[in-house]
Each structure stands twice: as structure tokens, then as C-alpha cells.
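Please read the points below with the sequence and the structure side by side. They are meant for a colleague who is meeting this structure for the first time.

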Amino acid sequence: MSSTATLEAAPRAGNPPVLWALLAGNFVIGTGVMVVPGTLNDISTSLAVPVATAGQLMTAGALLMCLGAPLLAAVVAGWDRRQLLALSMAWYALLHLACALAPSFAWLLPLRVLALVPPAVFTPQAAACVGLLVPGAQRGRAITFIFVGWSLASVLGMPLAAWVGGTLGWRWAFGLVAVVSLLSAAWVWRAMPQGVRPPALSAQDWQATFRSRALMTTCLVTVLYAAGQFVLFSYFAPYFKQKLDSGPTALSLYFLSFGVFGLLGNVLMTRYIDRLGVHRSVMIAVGLMALSLAAYPLGTTPWLAALVTVPWALGCFSSNSAQQARLVGIAPPLAAASVALNSSAMYAGQAIGAAVGGWLIARDAMDWLHWAGLAGLLAAMVASALATRFARRAT
């Protein structure tokens, strides 16, 4: 009997250890992805570049993850997932160490792009192989469970990186990511069974994915709500410094508050997604984020800003978890392709949002960041309603 079959046949007293390793991997991936927003002020100062220029680290990295997720999904289709996931975390460690040692922004930018190859691999491939690790009836819950790692990154990883970057410097924050990445690689190698190889996708599978209005509209939802969030999320550090006159400690506490409610939102999503249904769950999560962006001008102090963004935090990470489950539920045989495309859509939205935010800041229009973000979220809600209609017609 294979190790995968053994996992599927095991009693379901709790989550298999491998799911905890994948959750931890997503925690490290999320911390590394979000280390730049928390350290943007120090990067800008220490490398003598404008904030908008430093923001290119997010735009360029997100573009790499956007293009890399579907391309790498095809390249690594036949790989043993134990080797693939562990090696991707080792790569994450090596490149973050290289970033920490970069002598200038001209060196940091390409190194940061290369450092973000693993997020294009780990997150979508971990989600795609969950179906081989747990019974089908537990698939939605298992997928949302491993995405709790991203919420934990916002609770612990992002605030810690922001504090380290603000007190010791951004290089120490990148070095911290390198250390935890190496630990994660070891854990994944130990916990992941050998021989987990999701079926390789054929050209017909990719064609079927691209031709599915339900799947592609669902991915469009991800592009829109990611863009809406990252118009402002990418520039929290300069926003707090310029608009709220706040330093690293206040920013770290803000990120901590955001992360705590983000974790709560993901836990609630994991618990109630099967009861609410994936389509309704996504709409609720995006609606909560839109509410915060509409009310953002009320956040005139760090504490009020934290209060205003509670709904945003509740919907931020839970929306992505629900989207993954939504895609898998629409077309289970195409899950590897659709989840990879959804990751690509998420990173495309991040690139668009960071670019729009940088464009506005360069034109002294920081007060417009939340309005641009709100427009993206409202568009996402419209697209989500269409995706629901297409999915129901396809069944």
C-alpha cells in the first residue's frame, strides 16, 4: 500500500501531520512575501531610493509569481511533492539570505524576484496535492486549514518582520525569513510522504480550464480583490509615517491586530465554509474587505485605523482560502491547473495594486489609495456573482 493510500485510510481523529507541515510552509511563504511592505521605509532610506521606487520590489516580485505559477505547474508536474516542496523552501532560504546581503537596490531587485520563485510553487502545489492526502469529503476543510498559515504569517511573521526591520534594519528581517525557511524545508521533508505525484495535466486539461467560464471568472475575482487590497496594503508603512505620524512599533502593532483578525477570519471560514457554501463564503469575505476600504478615512489614528480594518482582516486571508476550495469544487479533475492559475491571479492582482499605489504616491495622491482599492473590491463582488451563476449552470 502506498503512503498516500495509508494517509487516506487512516482514522480521522485529527489533521495528518503533513497538513501541519504544509500550514507551516505557507506561514513562511506568507512571511517572506509580506516582509517588504513592513520594511519599505527602511529599504527606501538605507538604499537611498524613493518609496515608490522601493515599491517596485512588490510589483516585480508579484509579476514573477503571476507568470511562474502556471508555467512552473507544468514544469514540475511529474515531480515527487516531497522533493519539490522541500527544495522550494530551501531555495527560499538561500535567496532571502542573498537579499539580506545585497549591496544596492540594483542588486536587491533581481534577487528579490528570484527569491519569489518558491511562492509560485509551494502554495499552489501544496493545495493541489491535498486531495491525495485526505479523503474527498475533507478536501475543502483541509485546503482552508493549510491556508491558515498565511493568516499566521500576518499575526506573527509580518509584525515581527516589521519590528525587526524598523529596529535592527531590513537586512535582519530578510535574514529572519531565511532562517525559518530552512527550518520549514526540514519539516516538510520529514512530514511529507514519498510518492505523492498528482496526475500530470495534459494540454486538453489546460484547454478545458481556460475554456471554463466558471473557473476563469473565479480567477478574475482573485485578480480584482487582490489588486484592490494591495493598492493600500503595499504602502501601509509610508502611509502610517506620512498620514498618522507613526513609527515602527505602532506599525508592528497594527500588523499584529490585522493578523489576529485575519487568523480569526480564516478559522471561521474553515469551520463554516461547508455550511455557507463556497460561493456565498467568497462574497461575504470580499464584502467585508470593501466595507473597510469605504470606511478607511475614519482611521485618523493608528488605533482607529486598526479598528476600521477589522472587517478587511476578517476577509483578507479567508477569501483566498474560500477561493481555492471554490475552484477545486467547480472542477476537481482540473484542480492543479485552476489552483495554479488562481495563485497567478493573486500575484497579478498584487502587481497591479502595488503599481497603481506607487503611481498615486508618486503624484502625491496618497489619500486616493483606499478609493482605488474600493473600486477593485466592488468589481470583484460583481465578478463573483457572475462566477456563481456560471458554476451553477455548469453543474
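**Notes on a predicted model**

1. Leu288 counts as partly exposed because its relative accessibility is 27%, and partly exposed covers values between the 20% limit for buried and the 50% limit for exposed. This is a predicted model, and in it Leu288 belongs to helix α16, which covers residues 278-295.

2. Leaving aside residues up to four places away in sequence, Leu288 touches Pro311, Trp312 and Leu314. Of these contacts, Trp312 is also a member of one aromatic cluster, together with Phe230, Phe233, Phe236, Phe240, Tyr254, Phe255 and Phe258. His96, by comparison, is 192 residues from Leu288 in sequence and 33 Å from Leu288 in space, C-alpha to C-alpha.

3. Helix α11 takes in residues 170-191, 22 residues in total, and its span of 32 Å from first C-alpha to last is close to the 32 Å expected at 1.5 Å a residue. Its buried residues include Gly175, Val177, Ser181 and Val188, and the buried residues of α11 pack against α2, α3, α6, α7, α8 and α10.

4. Across the whole structure, a search finds 17 aromatic pairs. Trp170 and Phe174 form an edge-to-face pair, with 5.3 Å from centre to centre and 85 degrees between the planes. Both residues lie in helix α11, four residues apart, which is about one turn of the helix, and Trp170 and Phe174 are both buried.

Methods
Residues numbered from 1 in each chain as written. Predicted model: local features only at pLDDT ≥ 70, side-chain atom pairs only at ≥ 80, totals over all residues. Heavy atoms only, no water. Helix = DSSP H or I, 4+ residues; strand = E, 2+ residues; numbered from the N terminus. Expected span 1.5 Å × (residues − 1). Buried < 20%, exposed > 50% of the residue type's maximum accessible area, 1.4 Å probe, protein only. Contact = heavy atoms within 4.5 Å. Phe/Tyr/Trp six-rings, centres within 6.5 Å; stacked < 30°, edge-to-face > 60°.
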